Amino acid sequence: CLSAGWSKCWSRRENRPYYFNRFTNQSLWEVPVLGQHDVISDPLGLNAAPAEGGEGNLGNGQRKRRSSEEQGAGPNSFKRAKVEPTTPISPSTPGVKPWISAPEDKQAPPATPTTPSPAPAPYRPAVIYWDLDIQTNAVIRERPPANHLPPHPEIELQRAQLVTKLRQHYHELCHQREGIDPPRESFNRWLLERKVIDKGHDPLLPSDCDPVISPSMFREVMNDIPIRLSRIKYKEEARKLLFKYAEAAKKMIDSRNASPESRKVVKWNAEDTMSWLRRDHSASKEDYMDRLEHLRQQCGPHVTAVAKDSVEGICSKIYQLSAEYSRRLRQTHLSLLQDPPTDACASPPQSRLVYCYPVRLALPSPPLPRVELHFENDVACLRFRGEMVKVNRGHFSKLELLYRYSCIDDPRFEKFLSRVWCLLKRYQVMFGSGANEGTGLQGALPVTVFEALNRQFGVSFECFASPLNCYFKQFSSAFPDIDGFFGSRGPFLSFCPVSGSFEANPPFCEELMDAMVTHFEELLGQSSEPLSFIVFVPEWRDPVTPALTRMEGSRFLRHQLSVPAYEHEYRSGSQHLCKRDEMYYRAVHGTAVLFLQNDAGFAKWAPTPERLAELTAAYRPSPSTPSTLSSPGPAHTAPGERDSTPKAADRPQSAVMSPGGHDNNNNSNSNSNSSSNSSSSPGDKMAAV
């Protein structure tokens, strides 16, 4: 009884003992009998026998002291699907409080039998950004359990340390070999691009890719050689930038093993530019920028030729380190499992059609270590071995509901806190360690748009989401090994629906977007059942993205809608941590909405003018919704690089084009401080590869 929170107290008024539970404020006259309905490990009583007879069904003579404890079934009650319990759930032994006491957790003075305290009401978020009651219409062929290793906090902590170490190696290599800072977010985009083709076992670190040298990382690093070009606002800045480029190009060609022809061309153009700068002091900003573009065209190919081997060496080294870290992690992970996996034969393809369901793991989960939980105001803090991750209470309750709906191997929530810690740590590591780095990876559509998509087009599934930013309880995401416990159907590129209506707001990595379009075309061509994909991508036209060009020329394109810049908004990628007034921000770019449907899908969910009008109206920012023109985390900024992000129309072009040459659809802003083509890249959203 003591471990479950019960203590024996004395009632001076009744002159008899009673029993008080400091966790639930419950009081009983009789000795409490454990093994019935344990409110600590089973707060909703799902595993208890149904009590239809009121106090008569408590069993073993137990009875409540006052009926006032059942007043929760009054006007404030709601459906079970909306219940979000605040009683934290033990990750180990039921009845043991697993978190450090916070000030609000101090034991209240025992209530006497005549002054009972009502049971604490479940936590209800002030604003809910999801609807987990919507059922799916996505039909798939039945599939066997996945062979991923079950998540473990020890492994997740080690993975976080190795990824941080890999980022540091990348930073050092760029400094040592090229004398530049690595392009911001380029490491995150490298992870996205690699995971599109990776056949390795680790969910985050690439280990089996062909080719070894990443085109994404190569282009982005090369774009910042010899110097990073920023967007210029004033004439003096343009003059300084032109001089720095000429000086850096000349210095680089002198210090590398360049051909005589390359040395001659670069030196002549650099010296001519410096001479022009000394002579002409009346040039305008446009004159300086034109001269810079001419200098880049003349020197760029030669600079690229001398830097090529060095940059390829950076890409190759980072990949080799990643593969080594992945191998080391897997060995440690296998040693923790009770039943290590064996090489099983591939399961034959299933033919039975079923509604989509979360990823199931073939291997049983080992016992998980204890994770401590405490609350600081409206933030849930989970700690394991001194490493703390945080999530606001609204999203913590959302994770509880997703876990209850999706997890089948932990009905008593004994592994819940450990898995939540692994989930939050995984995404934290994916985003990066810099201030606000990677927060745009999780940007999402507004709630009103999801409501309109569901109401008008039957959308019930998100192709690129995560347990933290999903609107529906069915979605595809990046990490099936941990996200599957919270409703994920696995990576979308390996998800093959036969019918259904889907929303796709992909991470803007060119390789991933191309693979997405290929996957759409294959699915639409193979199915005769109603199948529809509504795709949201930034409307970049200078240069246009290949994925957008392919979709505009697709035979499955039924309609294309353009939402103007500044007339729509997005949900912040840090929504699970940010303040309510920072939840929405205006988009400073246009958004293209494309409807890809087969014939049956077009007949069922045709984009009629009435439906499109409602979707457009839902996209308009509400006057009552606090929003900002800045992005959810515009801190990918180096000091002194203000006002440097080029818009799509005036981005400087490079001899080596980078997929990072675009503003981010969910993380761009008019005051963004990124300074190069590569640093404002297409990857600033959650990757569901």
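Modeller: Here is the sheet, then the helix. This is a predicted model, where local features need pLDDT of at least 70, side-chain atom pairs count only at pLDDT 80 or more, and totals for chains, interfaces and linings use all residues. Residues are numbered from 1 along each chain as its sequence is written, and side-chain values use heavy atoms, leaving out hydrogens and water.

The sheet is open and has three strands in the order β6-β7-β8, with antiparallel pairing. Strands here are DSSP runs of E, at least two residues, and helices are runs of H or I, at least four residues, numbered from the N terminus. Two strands pair if DSSP finds at least two bridges between them. β6 (372–376) and β8 (387–392) are the edges; each has a single partner strand, so one side of each lacks a neighbour in the sheet. On average, neighbouring strands are turned by 25° against each other, direction ignored. Strand β7 (residues 379–384) is joined to β8 by six bridges. Ala 380 stands opposite Val 391 in β8.

Now the helix. α8 lies across β6, β7 and β8, and runs at about 90° to β8. Axes are lines fitted to C-alpha atoms, for helices over the stretch in contact (heavy atoms within 4.5 Å). Such angles run from 0 to 180 degrees between N-to-C directions. α8 covers residues 416–431, 16 residues in total. Gly 432 follows α8, with a positive phi near 110°.

Terms used:
Expected span 1.5 Å × (residues − 1).
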